[in-house]
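Hello,

I am handing over a structure that you have not worked with before. Please open it alongside this email, so that you can find each residue as you read.

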Amino acid sequence: QLQLVESGGGLVQPGGSLRLSCAASGFTLDYYAIGWFRQAPGKEREGVSCISSSGGSTNYADSVKGRFTISRDDAKNTVYLQMNSLKPEDTAVYYCAVGFRLCRFSLSRKVDEYDYWGQGTQVTVSS
């Protein structure tokens, strides 16, 4: 059974940090690009960051550039999103997703480009 499971969300104060994890089971991430998306209440799901299958290309939305870092550990079949200098507007449910031949030149931000999705993890930035 193919599955993606996000973890690491929680409540953090503005300026704080969180590291999200996306662990795959039932398949290997080696050949997939991975994207992180987020969805705030009443808003559309938006692409935040992605990493190519080789790990050689990473891309970010302007709103998180310089604050978030995506990485992958294929040996652990896991992708991470390090989030620093968090702001209240970063509050959302964060999802990871996988797809083929994505993120090689720019942020792959279209939801329908991705094949499998996790269930999401809540991130709340508030004092």
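Below is what turned up, sorted by kind of interaction.

First, some ground rules. This is a predicted model, in which local features need pLDDT of at least 70 and side-chain atom pairs count only at pLDDT 80 or more, while totals for chains, interfaces and linings use all residues. Residues are numbered from 1 along each chain as its sequence is written, and side-chain values use heavy atoms, with hydrogens and water left out.

**Aromatic rings**

Rings of Phe, Tyr and Trp (its six-membered ring) are paired here if their centres lie within 6.5 Å; planes under 30 degrees apart count as stacked, over 60 as edge-to-face and the rest as tilted. By this rule there are six aromatic pairs. One of them joins F27 and Y116, a tilted pair with 6.0 Å between the centres and 45° between the planes. F27 is in the loop between strand 3 (18-25) and strand 4 (33-39) and Y116 is in strand 10 (residues 116-117), so this pair ties together parts 89 residues apart in sequence. Strands here are DSSP runs of E with at least two residues, and helices are runs of H or I with at least four, numbered from the N terminus.

For accessibility, buried means under 20% relative accessible area, exposed over 50%, and partly exposed in between (1.4 Å probe, protein chains only). F27 is buried at 14%, and Y116 is partly exposed at 35%.

Another pair is F37 with Y114, edge-to-face at 5.1 Å centre to centre and 85° between the planes. It also links distant parts of the chain: F37 belongs to strand 4, Y114 to the loop between strand 9 (92-99) and strand 10, and they are 77 residues apart. Both F37 and Y114 are buried. You will also find a cluster in which ring pairs link F27, Y32, F100 and Y116.

**A charge over two rings**

A charge counts as sitting over a ring if NZ of Lys or CZ of Arg is within 6 Å of the ring centre and within 35 degrees of the ring normal. R45 lies over the face of Y95, 3.7 Å from the ring centre. The charged end of R45 also sits over the ring of W117, 5.0 Å from its centre.

**Salt bridges**

How many salt bridges does the structure hold? There are five, each being a side-chain nitrogen of Lys or Arg within 4 Å of a carboxyl oxygen of Asp or Glu. D90 and R38 meet in one of them, at 2.9 Å from N to O. D90 is in the loop between strand 8 (78-83) and strand 9, and R38 is in strand 4, 52 residues away. D90 is buried at 0%, and R38 is buried at 5%. R38 and D90 also belong to a salt-bridge network with E46 and R67.

K65 and D62 form another bridge, at 3.1 Å from N to O, and D62 is exposed at 69%. In the bridge between D74 and R72, the closest N and O atoms are 3.0 Å apart; D74 is partly exposed at 31%, whereas R72 is buried at 15%.

**Around G47**

Finally, have a look at G47, in strand 5 (residues 46-51). G47 is buried at 4%. Leaving out residues up to four places away in sequence, G47 touches W36, F37, A61, L107 and R109, where contact means heavy atoms within 4.5 Å. The C-alpha atoms of G47 and W36 are 6.2 Å apart, although the two residues are eleven places apart along the chain.

Best wishes
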